[in-house]
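Please look over the sequence and the model shown here before reading on. The notes that follow are grouped by topic.

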Amino acid sequence: MKVACVGGGPAGLYFSILMKLQDPSHDITVYERNPAGSTYGWGVTYWAGLLDRLTAHDPESARAIAESSVRWSDGTAHVGGVTTTHHGDEGFGIGRHRLLDILTERARSLGVRVAFEHELGPDDVPDADLVVAADGINSRLRERHADHFGARIAVGRNVYTWLGTTRVFDSFTFSFVETEHGWIWCYAYGFSDDHSTCVVECAPETWTGLGLDAMNEADGLRSLEKLFADVLDGHPLIGRAQADDAVQWLNFRTLTNDTWHRGDLVLLGDAAHTTHYSIGAGTTLALEDAVALAEALRTTPELPAALARYERERRDALLSVQSAARHSAQWYENLPRYIHLPPAQMFALLGQRHSPLLPYVPPQLYYRIDRAVERLDGLRRLKRRLGPRVARALHARR
């Protein structure tokens, strides 16, 4: 099979690796419009379950990813001078640049052609038996057939910016700071021996009230450093633009599509779907898409049936994740509902923000019920079994 992957992110690269491992005779090219090494994004997160799945499909790249990752098992929240720590599941952080280097090197070692600085024009379609659109939320290949794919984008209310810092965090850290214009907060996690990711978020009225919307990058970063001085411990924040430019603040865009394939064209990763960054699942979902598509092509001889199977399986798998992401985003958009709880209760509900029931139950009552359920083995098992099913059902109905 001749395969063209448009987009050199984790999804397209890992898919090309899996296809070459299945059959070295596949003719595969990955087209990336940016120069090699120019990616932006600081570090990305994933969890132990993903590493197990990667090891099952390609132990060599999984081993390289694991060796280049940092690990944590605690979550820490700083609210109003009070610090709360929760011991949870093991998480991992890896630099996006390093992850792409690993996947690019592995793909090339298997015979995949990776063409950097190769941008396709609006009417350019690669000559291939299968064209994989892995070119992100603004996919040009998808937009060529916009009516067919039926892409819809829901824009979140809060604004956020994606920054780096030389402060190395040894736990997944939250810091909530109250200002005269409302709350502003950050999520921070290490991804290497000398850097961490720091995502800053706030409501739009807080953003404009603090004047962050009008500051150039240097002034914006200094202002944020003062706000988060305690958690940064003297370390700087690092942006991506020139000093005279503004810090890049965004509203998160949640993308869905009516269908993910058309003829020999199929959507992969962020070209097919996005989920709010606050659940840390974007990279995991992109790699799992690649696994599912490669497996469907391996086990289903006819291309239309294989693409239909891939879409069906991934849509079903995404239902509970998309529900969790939507409720997580809404939790932060409704932060005043939770922020004045006692710190231990607030942090507990931060961990429960994926629940479809939390927005409809008074926070303190939800906390008491949840604590009672966790103390009873039978109810705890029932909650963990039914929770994802309820989330999928509500999301599907929505």
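Is helix 1 largely enclosed by the rest of the structure or largely open, and how many of the 13 residues of helix 1 are buried? Eleven of the 13 are buried, so helix 1 is largely enclosed by the rest of the structure. The model is predicted, so local features need pLDDT of at least 70 and side-chain atom pairs count only at pLDDT 80 or more, while totals for chains, interfaces and linings use all residues. Residues are numbered from 1 along each chain as its sequence is written, and side-chain values use heavy atoms, with hydrogens and water left out.

**Terms for elements and burial**

- Helices (H or I, at least four residues) and strands (E, at least two) are DSSP runs, numbered from the N terminus.
- Buried means under 20% relative accessible area, exposed means over 50%, and partly exposed lies in between (1.4 Å probe, protein chains only).

**Helix 1**

- Helix 1 covers residues 10–22, and its 13 residues should span 18 Å at 1.5 Å a residue. The expected span is 1.5 Å times one less than the number of residues.
- Among the buried residues of helix 1 are Pro10, Leu13, Tyr14, Phe15 and Lys20.

- Strand 7 pairs with strand 1 (residues 2–6) in the parallel sense over four bridges; two strands pair if DSSP finds at least two bridges between them.
- Across this pairing, valine 3 stands opposite leucine 130.
- Strand 7 also runs parallel to strand 15 (residues 265–267), joined by three bridges. Valine 132 has valine 266 in strand 15 as its bridge partner.

**Valine 6**

- Valine 6 lies in strand 1 and counts as buried, at 9% relative accessibility.
- Leaving aside neighbours within four places in sequence, valine 6 is in contact (heavy atoms within 4.5 Å) with residues including Tyr31, Leu120, Val131, Val132 and Leu141.

**Salt bridges**

- Side chains of opposite charge can pair when their charged atoms come close.
- The structure holds 17 salt bridges. A salt bridge is a side-chain nitrogen of Lys or Arg within 4 Å of a carboxyl oxygen of Asp or Glu.
- Aspartate 27 forms a salt bridge with arginine 113, with the closest N and O atoms 2.3 Å apart. The pair links distant parts of the chain, as aspartate 27 is in strand 2 (residues 27–31) and arginine 113 is in strand 6 (residues 113–115), 86 residues apart.
- Aspartate 27 is partly exposed at 30% relative accessibility, and arginine 113 is partly exposed at 45%.
- Arginine 106 and glutamate 60 meet in a salt bridge at 3.3 Å, N to O. Arginine 106 lies in helix 4 (residues 96–109) and glutamate 60 in helix 3 (residues 59–67), so the pair ties together parts that are 46 residues apart in sequence.
- Arginine 106 is buried at 12% relative accessible area, whereas glutamate 60 is partly exposed at 41%.
- Arginine 298 and glutamate 295 form a salt bridge at 2.5 Å between the closest N and O atoms. Both lie in helix 10 (residues 282–299), three residues apart, about one turn of the helix.
- Arg53, Glu288, Asp289 and Arg314 are linked in a network of salt bridges.
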